[in-house]
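Work through the exercises below with the sequence and the 3D structure at hand. Each task is followed by a solution in steps.

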Amino acid sequence: MASAQLMQVVWYDSYGGGASALKHVEAPVPIPKNDEVLIRVEASSINPIDCKLHNGLLRPLLPRKFPFIPVTDVAGVIAGTGSDVKNFKFGDKVVAKLNDVSGGGLAEYAVTKESLTVTRPLEVSAAEAAALVTAAITALQTITESSGLELDKSGPNANVLVTAASGGVGHYAVQLAKLGNIHVTATCGARNFDFVKSLGADEVIDYKTPEGAAVKSPSGKKYDAVINCTTGIRWTTFQPNLSENGKVIDMTPGAGTFLNFVLKKLTFSKKTVVPFLVNFKAENLEYLVNLVKEGKLKTVIDSKYPFGKAEDAWAKSMSGHAVGKIIIEH
């Protein structure tokens, strides 16, 4: 820290401008409220939504005010606690989700609610843990909640398609699906075939080929669920490849997705499209952290950047070509 009350942060003070709009400045160290913890951040993870918010995706809802310190997925060490905090003490290693409205991850210190914080085992690095928060929880919830599939091999045989399987959400979705009794077809670029196969995918198709554009399983299997982590694929492309009760879970739902969702409900269609919005649950994060600890789930890190080069990490995220997760180390 620069002083007893100040810390280094990275923020932006308007919409747009890309990585060059990020500014390294000093700001006051936040003070935790009664139900909050203060975390000395060791690693933070950028998600595509962070850059989209900067570009005005939810303008004027988020950010609500400028300047804004972005990023909500962090791991670090407890540096202070509010008076009502019972489960954490100074020095505990943790991973946490910050408030979407206030952000705060690109900073030396951040505050969040105790209920959004999970203990991090010694076996799980800060970088591995920070990467899990949004991306892995999204993958988990799309499979278990939106698709209704089981990860303990107790459910019926199922076939799942994961698009953009080499990305942040996709690489977790492939691994988690394989923990259950699930056959996985995955799409990615040809250069990432071996990588996606190493995650456990049973079939891999190049999205740039005619077969890939049609998202057809090479073995002719119909999909019980599609974890759609990309954009630009129409419902009409997925529909003939779905099983009788197949679902398309859309990670980046637009107006068309919501309209289609309503129409399918009104017409009692068995094949449906489901707009997905992640719902952070501490128990989900704890489950995922333990999977990493046990060696059953791995975080694939595309690249790491020092805090002083946060704008380079931002630019990499904006490129859309990350394989796995992008991490900033503090």
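**Exercise 1: a pocket and its lining**

Task: Find which strand gives the most to the lining of the second largest pocket, then describe that pocket.

Solution. The model is a predicted one.

Step 1. The strand that gives the most to the lining of the second largest pocket is β6, with 5 residues.

Step 2. Strand β6 covers residues 109-113, and β1 (6-11) and β2 (23-28) also each supply at least two residues of this lining.

Step 3. The volume of the second largest pocket is about 660 Å³. It is lined by 26 residues, and those closest to its centre are Pro-30, Ser-102, Gly-103, Gly-104 and Val-111.

Step 4. Sorted by class, the lining of this pocket has 16 nonpolar, 5 polar and 5 charged residues.

**Exercise 2: helix α2 against helix α8**

Task: Decide how α2 and α8 are oriented to each other, and list the residues that make the contact.

Solution. Step 1. Take the angle between helix α2 (residues 126-146) and helix α8 (residues 282-293): it is about 110 degrees, and the axes are 9 Å apart.

Step 1. Angles of 65 to 115 degrees count as roughly perpendicular, so α2 and α8 are roughly perpendicular to each other.

Step 2. The handedness of the crossing of α2 and α8 is right-handed.

Step 3. On the α2 side, the contact is made by Glu-128, Leu-132, Val-133, Ala-136, Ile-137, Leu-140, Gln-141 and Glu-145. On the α8 side, it is made by Asn-284, Leu-285, Tyr-287, Leu-288, Val-289 and Val-292.

Step 4. By class, the residues of the contact of α2 with α8 are 10 nonpolar, 2 polar and 2 charged.

**Exercise 3: helix α2 against helix α3**

Task: Repeat the analysis for α2 and α3, which also pack at an angle.

Solution. Step 1. Helix α3 spans residues 168-179, and it packs with α2 at an angle of about 60 degrees, with the axes 8 Å apart.

Step 1. This angle makes α2 oblique to α3.

Step 2. The crossing of α2 and α3 is right-handed.

Step 3. Residues Glu-128, Ala-131, Leu-132, Ala-135, Ala-136, Thr-138, Ala-139, Leu-140 and Ile-143 of α2 meet Gly-168, Val-169, Tyr-172, Ala-173, Leu-176 and Ala-177 of α3.

Step 4. The contact of α2 with α3 has 12 nonpolar, 2 polar and 1 charged residues.

Technical notes. Residues are numbered from 1 along each chain as its sequence is written. This is a predicted model: local features need pLDDT of at least 70, side-chain atom pairs count only at pLDDT 80 or more; totals for chains, interfaces and linings use all residues. Side-chain values use heavy atoms; hydrogens and water are left out. On a 1 Å grid over the protein atoms alone, a cavity is a set of points where a 1.4 Å probe fits but cannot get out, and a pocket is an open set with protein on both sides within 12 Å along at least five of seven lines; lining residues have an atom within 4 Å of a point. Grid points are joined across faces, edges and corners, and a volume is the space filled by probe spheres set on the points. Helices (H or I, at least four residues) and strands (E, at least two) are DSSP runs, numbered from the N terminus. Ala, Val, Leu, Ile, Met, Phe, Trp, Tyr, Cys and Pro count as nonpolar, Asp, Glu, Lys and Arg as charged, and the others, Gly among them, as polar. Axes are lines fitted to C-alpha atoms, for helices over the stretch in contact, and angles run from 0 to 180 degrees between N-to-C directions. Angles under 35 degrees count as roughly parallel, over 145 as roughly antiparallel, 65 to 115 as roughly perpendicular and the rest as oblique. A crossing is left-handed if the near helix is turned anticlockwise from the far one by less than a right angle, and right-handed if clockwise. Contact means heavy atoms within 4.5 Å.
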